[in-house]
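This report looks at a protein chain in parts. Please keep the sequence and the structure in view while reading.

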Amino acid sequence: VVYVTAQQRRRYWRVRIPTPTTRDGYMEIGTRVPGRVQPWGAEVDWLRPDEWIPNVAETKTSRGTSRLRKLGPLARTWSFSWQDGVPLAQLRDAVDVDYVGISGGMPAAALYDVPAALAGHLVELDSGRIPVVVAEPLPASTTTNTDPTRMLFCRLLGSVRANGYVGDHGSAEVLRVESLRAVELVG
């Protein structure tokens with residue numbers, strides 16, 4: 001994952017893997033997903049959201065007997081929510097909005113704009129048809145994270161549902177954002 005500190009538009013990207021000569025004489029990449037880094041503004045409720053769903057197709061006979069046909073390995077699924085609440089006062093009151101980003105770089109997200117940002121992601125990702133990589137918060141270090149249990153090559157599925165639970169509508173409301181699912185693409 002590479003986050004660029006300034007807006008850059010490129011037509012082509014070349015990926016170089018500096019490595020000593022391998023036994024077979026070449027290097028392969030399993031999956032490469034070019035795209036931008038898009039953090040969500042507020043902190044996600046991370047409670048080890050792993051779920052494994054059978055990858056099966058169900059058919060039923062005219063009498064209601066069901067049959068399952070295995071299509072592939074289990075698909076790992078993560079669910080996300082923002083149950084601590086997302087206060088909208090700062091966005092609604094037109095004051096200086098807090099942004100999330102790296103030091104010295106362009107802002108990557110507005111701190112509390114989670115509902116609108118998620119809805120925008122679903123539109124941009126063609127309602128889940130375009131795959132993404134979702135990653136857990138990375139450790140505060142300069143090391144490379146290659147732990148496959150901390151990221152998911154997936155599709156974002158479901159809907160964005162924001163429920164107001166505190167405050168007055170249109171000014172100082174606080175929303176809880178319900179679950180959005182990320183379903184792993186399995187080979």
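In which strand is the place of Ser 81? Ser 81 lies in strand S2. Helices (H or I, at least four residues) and strands (E, at least two) are DSSP runs, numbered from the N terminus.

The model is predicted: local features need pLDDT of at least 70, side-chain atom pairs count only at pLDDT 80 or more, and totals for chains, interfaces and linings use all residues. Residues are numbered from 1 along each chain as its sequence is written, and side-chain values use heavy atoms, with hydrogens and water left out.

The chain has two helices and eight strands. Read from the N terminus, their order is β-β-α-β-β-α-β-β-β-β. The predictor's confidence in each residue is the pLDDT, from 0 to 100. Its mean over the chain is 77, and 74% of the residues reach 70 or more. Among the elements, strand S1 (residues 51-60) has the highest mean pLDDT (90) and strand S3 (residues 99-100) the lowest (68). Where pLDDT is low, the predicted coordinates should not be read in detail.

Accessibility is given as relative accessible area: buried means under 20%, exposed over 50%, and partly exposed in between (1.4 Å probe, protein chains only). Of the 187 residues in the chain, 22% are buried.

| Residue | Relative accessible area | Class |
|---|---|---|
| Ser 81 | 13% | buried |
| Asp 126 | 33% | partly exposed |
| Arg 129 | 62% | exposed |

Contact means heavy atoms within 4.5 Å. Not counting residues up to four places away in sequence, Ser 81 touches Val 44, Asp 45, Val 177, Glu 178 and Ser 179.

Helix H2 covers residues 114-124, and its buried residues are Val 114, Pro 115, Leu 118, His 121 and Leu 122. Seen down the axis of H2, these residues fall within an arc of 125 degrees, so they line one face of the helix. The arc is that of the directions from the helix axis to the C-beta atoms. The buried residues of H2 pack against strands S2 (66-87), S6 (151-157), S7 (162-166) and S8 (174-184).

After H2 comes Asp 126, whose phi is positive, near 55 degrees. The side chains of Asp 126 and Arg 129 meet in a salt bridge (3.0 Å, N to O). A salt bridge is a side-chain nitrogen of Lys or Arg within 4 Å of a carboxyl oxygen of Asp or Glu. A search of the whole structure finds one salt bridge.
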